[in-house]
Amino acid sequence: MDPMNAANPENAAEVEYFSNRVDEIFTKVDKLEKQVSEVEQFYSASGNSSIVKDKEREKHFPGVKKQRQDASHREVAASKRMQELMRQFATILRQITQHKWAWPFLKPVDVEGLGLHDYYEVIEKPMDFSTIEKKMDAKDGTGYKNVREIYADVRLVFKNAMRYNEEKDDVHVMAKTLLEKFEEKWLQLLPKVAEEERRRTEEDVEAKLNMQRAQDAAYAKMARDLSSELNEFDMNLKKLREMVVQKCRKMTSEEKRSLGTALTQLSPEDLSKALEIVSETNPSFQATAQEVDLDIDAQSEYTLWRLKAFVKDSLKGQARNPGGISGSGNNNDNNDDNKKSNSRRKREICDALAKTAVKRTKKLSSL
C-alpha cells in the first residue's frame, strides 16, 4: 500500500494520530484479553473456589465485596459466642482444679524427680492443668480455637494418669473420680456447644452459597460488558481501517490487473477468505455460490487495499510452505477430488476476472 507522504506536515500529524490510535487499540486489546482470561478461569473452575482474590478487583464486584464484609461480621460474632462458651468452660475447669484430689494434675509430671524413666514410653502426649490454662490465656494465636479442644486436653490429663498408674494406685483412683465429675459438668454445657457448632456449619454453607451466587452474577455481568466492549471495539477498528484506506491513493488499473492475477494464485482456502473480504462490503456478493462473478473495478478502495494486503501475506505463506504431504489409499482419491474441485473453482474466478478485463477493454475502446 502506498500511504500518504509523511514528509508533509499535515500528513505527519495524521500519521501520528493513527499511530496513537493503534497504541490505544493494543492497550485495549491487552486489557480485554486479561478480562476474557479471568472470566474463562472462573467458569472453568466451576465455582469450586473463590476466584476474586484481588482486592483491587473487588471494587468492580460490589456483590462479592458485600459478601466478604458479611462473612467478616459473622466471624466476629461467632468468635464472641465461642469466647462466652470458653468462659463457661473455664468455670467448670476451675471447679475441677479446686477439688482436693486435683493437686497431682496441676503441674507437669516431675519425671526425673520421681524416677519415672519409662513415662515418655507410655505417655505420648503429657498434659496438665497449668499447661491448659496457659494455652487458654494465650494471645499470640497459639491458644485454643474452640471449647472441644480444651475438653480434649482436660480428658487427656486424667487419661494419662489412669494409663500410667495401676487401678489400685491412688493417682489412678483420683483421676478416674475427677474425670467422672468433669464429664457430668461437660454434659450440662454440651447442648450449647452442639448448637453453636450447628449454627457455624449452617452459616458457612450459606456464606459459600451466597459468595458463589455473587461471583456468578459478577462474572455474568463482566461477560456481558466484555461482549459490548468487543462489539464497540470491532466497530471502532473498522472505522479506523476505513480512515486509513481513505488516506491512501486510488489503486491504478495495472495494480488491479496484478491483484486479479494474484487472486488466481491463492490456495483454495485463502481464495475463499479473499472472497469473504469482498462480501463484507458487498452484502449481495455470494462468496460461496457455485458461480462467482467478481468485478474488480466495482470494488471499493477499502476492499481493494484489504485484498492486496491479504493476497501479499497469503502468497508469502504459500512460498514458505509449498505443497503438502498426501496420504495413501482413499485419501489419495479424496485429494484428487479436492484438487479437481479447487481447479474448477479457480477457473471460475479466472473467467470472472477475464470478463471484467473484457468489459474494461470495451469501455476504453469506445472512448
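Hi everyone, let me start with a pair of helices: H3 and H6 pack with their axes 9 Å apart, at an angle of about 20 degrees. An angle under 35 degrees counts as roughly parallel, so that is the label for H3 and H6. As for handedness, H3 passes H6 in a right-handed crossing. Before I go on, please keep in mind that this is a predicted model.

So who makes that contact? On the H3 side you'll find Met82, Leu85, Met86, Phe89, Leu93 and Ile96. Facing them from H6 are Val147, Ile150, Tyr151, Val154 and Phe158. If you sort the contact of H3 with H6 by class, you get eleven nonpolar residues, with no polar and no charged ones.

H9 is residues 268-281 and H10 is residues 301-320. Their axes come within 10 Å and cross at roughly 170 degrees. Angles over 145 degrees count as roughly antiparallel, and H9 and H10 are therefore roughly antiparallel to each other. Here, too, the crossing is right-handed, with H9 passing H10.

For those of you who like to look at side chains, H9 brings Asp270, Lys273, Ala274, Ile277, Val278, Glu280 and Thr281 to this contact. H10 meets them with Tyr302, Thr303, Arg306, Leu307, Phe310, Ser314 and Gln318. How do the residues of the contact of H9 with H10 divide by class? They come out as six nonpolar, four polar and four charged. Compare that with the H3 and H6 contact, where the count was eleven nonpolar, no polar and no charged.

Let me finish by stepping back to the whole chain. Of the 367 residues, 30% are buried. And if you take the contacts with a separation of 6 or more, 73% of them are between residues 24 or more positions apart.

Note on methods
Residues numbered from 1 in each chain as written. Predicted model: local features only at pLDDT ≥ 70, side-chain atom pairs only at ≥ 80, totals over all residues. Heavy atoms only, no water. Axes fitted to C-alpha atoms, helices over the stretch in contact; angles between N-to-C directions. Helix = DSSP H or I, 4+ residues; strand = E, 2+ residues; numbered from the N terminus. Parallel < 35°, antiparallel > 145°, perpendicular 65-115°, else oblique. Left-handed = near helix turned anticlockwise from the far one by under 90°. Contact = heavy atoms within 4.5 Å. Nonpolar A, V, L, I, M, F, W, Y, C, P; charged D, E, K, R; others polar. Buried < 20%, exposed > 50% of the residue type's maximum accessible area, 1.4 Å probe, protein only.
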